[in-house]
Amino acid sequence: MTIAPEQPATFGSGGAEPYARALRHEGQLQLVRVAGATDRPASPPSTGDGDGPFDVARWSADADTADLTTLDDETGPVLDIGCGPARMVRAAVDRGLTVLGLDVAPTAVAMALEAGLPVAEGSVFDPLPREGEWNLALLLDGNVGIGGDPTALLTRCAEILTPSGSIVVETAPEASLDDSYEAHVVDDQGHASATFPWAEVGREGLQRHARRAGLWVAQTWSVDGRTFCRLRAR
């Protein structure tokens, strides 16, 4: 009998499920590197509030001014990767865009569906609807770190886009940062998730991953202390 290899845990899953708890109860989370991985502390996914614990309630709130710039002049369709409770999906729907949110967290997907938003549970590395037809892929809130391999993630995103499509990535505040590591998430009551691979990438580090994925940085902009880069195929 062949035993399938165990899949790595994803952001906040496993263990005491702190991400699911925080989503339902609007708590706080901290991203923590596992012991021995490095002496450098992890930064949380960017929230526009700087380093430190990040407020999960923001992910359930309406998209803010900085968020909305990622949809400016967009015609769709839009794929929001790691959508969480799907604030960006809601924003795209409000603009009349065809959009799908994608997340591996069942609680996040359930919350979005309860709100009547078009989302699906799954990974961007799974077969997706409309392969090759997405005009915009969003990687916000540090989601370029998904899987701990930004080059692989960007390569996959490029595969699902139209030839003229783009990927908008929110980068880490430190421009030169380019780091992959194992981490877990801990909530304000000390509940910890399983360990999962993650990465942090600033705008300079993103350029290196983009080149390896056959992409280039066509646009960079900053709003309210957050930085975004638009990637296009070469």
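**The main core.** I started with the largest nonpolar core, which has 24 residues. A nonpolar core here is a set of buried Ala, Val, Leu, Ile, Met, Phe, Trp, Tyr and Cys residues joined through side-chain atoms within 4.5 Å. Buried means under 20% relative accessible area, exposed over 50%, and partly exposed in between (1.4 Å probe, protein chains only). The members touching the most other members are Leu79, Leu139, Leu154, Ile167, Val169, Leu206 and Leu231. Among the elements giving two or more residues to this core, I noted strand E6 (134-139), helix H6 (150-160), strand E7 (161-171) and helix H7 (203-212). H6 gives the largest share, four residues. Helices (H or I, at least four residues) and strands (E, at least two) are DSSP runs, numbered from the N terminus.

**Ground rules.** I'm reading a predicted model, where local features need pLDDT of at least 70 and side-chain atom pairs count only at pLDDT 80 or more, while totals for chains, interfaces and linings use all residues. Residues are numbered from 1 along each chain as its sequence is written, and side-chain values use heavy atoms, with hydrogens and water left out.

**Val169.** Next I listed contacts (heavy atoms within 4.5 Å). Skipping residues up to four places away in sequence, Val169 touches Leu139, Val144, Leu154, Leu206, Thr227, Phe228, Cys229 and Leu231.

**Arg230.** I found Arg230 in strand E11 (residues 226-233). Beyond four places in sequence, Arg230 touches residues including Thr70, Trp216 and Trp221.

**Ser164.** I placed Ser164 in strand E7. Ser164 counts as exposed because its relative accessibility is 53%. Leaving aside neighbours within four places in sequence, Ser164 contacts Asn135 and Arg232. The C-alpha atoms of Ser164 and Arg232 sit 7.4 Å apart, though 68 residues separate them along the chain.

Most residues other than glycine have a negative phi, and most peptide bonds are trans. I noted a cis peptide bond between Gly76 and Pro77, with omega about 0°. Ala86 has a positive phi, near 80°, and is buried at a relative accessible area of 0%. Asp141 also has a positive phi, near 55°. I found Asp141 in the loop between E6 and H6, buried with a relative accessible area of 10%.
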